[in-house]
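Morning, everyone. Let me put the structure up, and then I'll walk you through it piece by piece.

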Amino acid sequence: MTTPIIEVEDLHKFFKQARKNSLDKNKYVRAVNEVSFSLCEGESFGLVGESGSGKSTLGQVILQLIKQTSGTVKYRGKNVSSFTKKELKAWRRQVQIVFQNPYASLNPKKSIGWTVEEPLHIHKIGDRVFRRQRAIEVLEEVGLDHSFMDRYPHELSGGQRQRIAIATAIILEPEFIVIDEGVSALDVSVQAQILNLLKKLQRKYKLTYLFISHDLNVVQYFCNRIAVMYLGEIIEIGKTVELGSSPKHPYTKGLFSSILSIEEADELKLLEGDLHRFSNDIEACPFHDRCKFAMDICQSVKPKRQKVGNYHEVGCHLYDIKNENKESILKVN
Ligand code: SF4
């Protein structure tokens, strides 16, 4: 492991819940809850989980696009909440985001050239000639020629639009990019091209990626490490090879079983029901209402993440050293 570029410590993001009646006061959705992890320079770190698990909110809190309720985000050891306005602006050059649907983030009235040059305008970098030259350069780096400068978003395919979003993200030569479901809307063949492009750019710009996706296949292909999120919490984290070959948490096992063949998946049918939030006051394992291995303790004590291998941690009572229910432990190992 190299130097951490991002450190997240005990991060929470709660959203106020809409009131259904006058007695319904102060209810919050814990979109991100007790999240801690660090991200090393040059790695591709995957954040995987069902829709509604809090992955995108976590990505946006890390970039300070939305403010956390509590907890700390550090960038190269410095708390980003303590940045002055000037430091924050300088930091914004170092961190970027690529969204799932670039069509929604591209201005339909502006040419591609205008869009790609815009970050240079915002940060007052270079003159008109420099900005145009740099935009053409990054377009070429993402596999598009200079003729795209004068085109408009509606003239492009989904893959080309995603290349434009990537060009716009790299034009400032950032260090860290959040890719939020960046290939989910693309055909499989285009997905592979974009993933390979991201890898090529990572080598050239020494980029660190936080790669958010619900697609375990894509995350396994692209990332060095994976964190699994469930109801706002990281319930398992580890190197891709270890997590893929030996997932520990029943939910992670269920996720991996869902990408096996139909026959294998039938044998390992661990995931049933839907993700749903229970009362904020309950201190329980977030997965207890869907877990086939749930014990009494799971309904009243939230499991702490603990080491189960090199860089591999899981939050599940089945792996508690003090837990005497060895039978259950053996069943899932
Ligand atoms: Fe299942 Fe209990 Fe482990 Fe939660 S802590 S995943 S309920 S066994």
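Let's start with a helix pair. Helices α6 and α7 are roughly parallel to each other, where roughly parallel means an angle under 35 degrees, roughly antiparallel over 145, roughly perpendicular 65 to 115, and oblique the rest. Helices here are DSSP runs of H or I with at least four residues, strands are runs of E with at least two, and both are numbered from the N terminus.

Before I go on, the ground rules. This is a predicted model, where local features need pLDDT of at least 70 and side-chain atom pairs count only at pLDDT 80 or more, while totals for chains, interfaces and linings use all residues. Residues are numbered from 1 along each chain as its sequence is written, and side-chain values use heavy atoms, with hydrogens and water left out.

Back to the pair. Helix α6 covers residues 158-170 and helix α7 covers residues 188-205. Their axes come within 11 Å and cross at roughly 15°. The axes are lines fitted to C-alpha atoms, for helices over the stretch in contact, and the angles run from 0 to 180 degrees between N-to-C directions. The crossing of α6 past α7 is right-handed.

Who makes the contact? From α6, we have Gly159, Gln162, Arg163, Ile166 and Ile170. From α7, Val190, Gln193, Ile194, Leu197, Leu198, Leu201 and Tyr205. Contact means heavy atoms within 4.5 Å. Sorted by class, this contact has eight nonpolar, three polar and one charged residues. For the classes, Ala, Val, Leu, Ile, Met, Phe, Trp, Tyr, Cys and Pro count as nonpolar, Asp, Glu, Lys and Arg as charged, and the others, Gly among them, as polar.

Now α7 has another partner. Helix α5, residues 128-141, also brings its axis within 11 Å of the α7 axis, and the two cross at roughly 125°. That makes α5 oblique to α7. On the α5 side, the residues are Arg134, Val138 and Glu141. They meet Leu197, Lys200, Leu201, Lys204 and Tyr205 of α7.

Next, the chain as a whole. How many helices and strands does the chain have? There are 12 helices and 12 strands. Of its 333 residues, 50% count as buried. Buried means under 20% relative accessible area, exposed means over 50%, and partly exposed is in between, with a 1.4 Å probe and protein chains only. Take the contacts with a separation of 6 or more: 64% of them join residues 24 or more positions apart.

On to α1. Six of its eight residues are buried, so α1 is largely enclosed by the rest of the structure. Those buried residues are Lys55, Thr57, Leu58, Gly59, Val61 and Ile62.

Just after α1 comes glutamine 64, with a positive phi of about 60°. Most residues other than glycine have a negative phi. Glutamine 64 sits in the loop between α1 (55-62) and β4 (70-75). Is glutamine 64 buried or exposed? At 11% relative accessibility, glutamine 64 counts as buried.

Leucine 231 is another non-glycine with a positive phi, about 45°. Its loop runs between β9 (225-230) and β10 (233-239). Leucine 231 is buried too, at 7% relative accessible area.

Which residues does tryptophan 91 touch? Setting aside residues up to four places away in sequence, Ile62, Leu63, Gln64, Tyr75, Val80 and Phe83. Tryptophan 91 belongs to helix α2, residues 85-94. Its relative accessibility is 3%, so tryptophan 91 counts as buried. Tryptophan 91 and proline 174 are 83 residues apart in sequence, and 9.1 Å apart in space, C-alpha to C-alpha.

For contrast, lysine 307. This one is in strand β11, residues 306-309. Lysine 307 is exposed, with 60% relative accessible area. Beyond neighbours within four places in sequence, lysine 307 contacts His312 and Glu313.

Last, cysteines. The structure holds zero disulfides, a disulfide being a pair of cysteine sulfur atoms within 2.5 Å. Cysteine 40 is buried at 6% relative accessible area. Cysteine 291 is buried as well, at 17%.

Conventions
Left-handed = near helix turned anticlockwise from the far one by under 90°.
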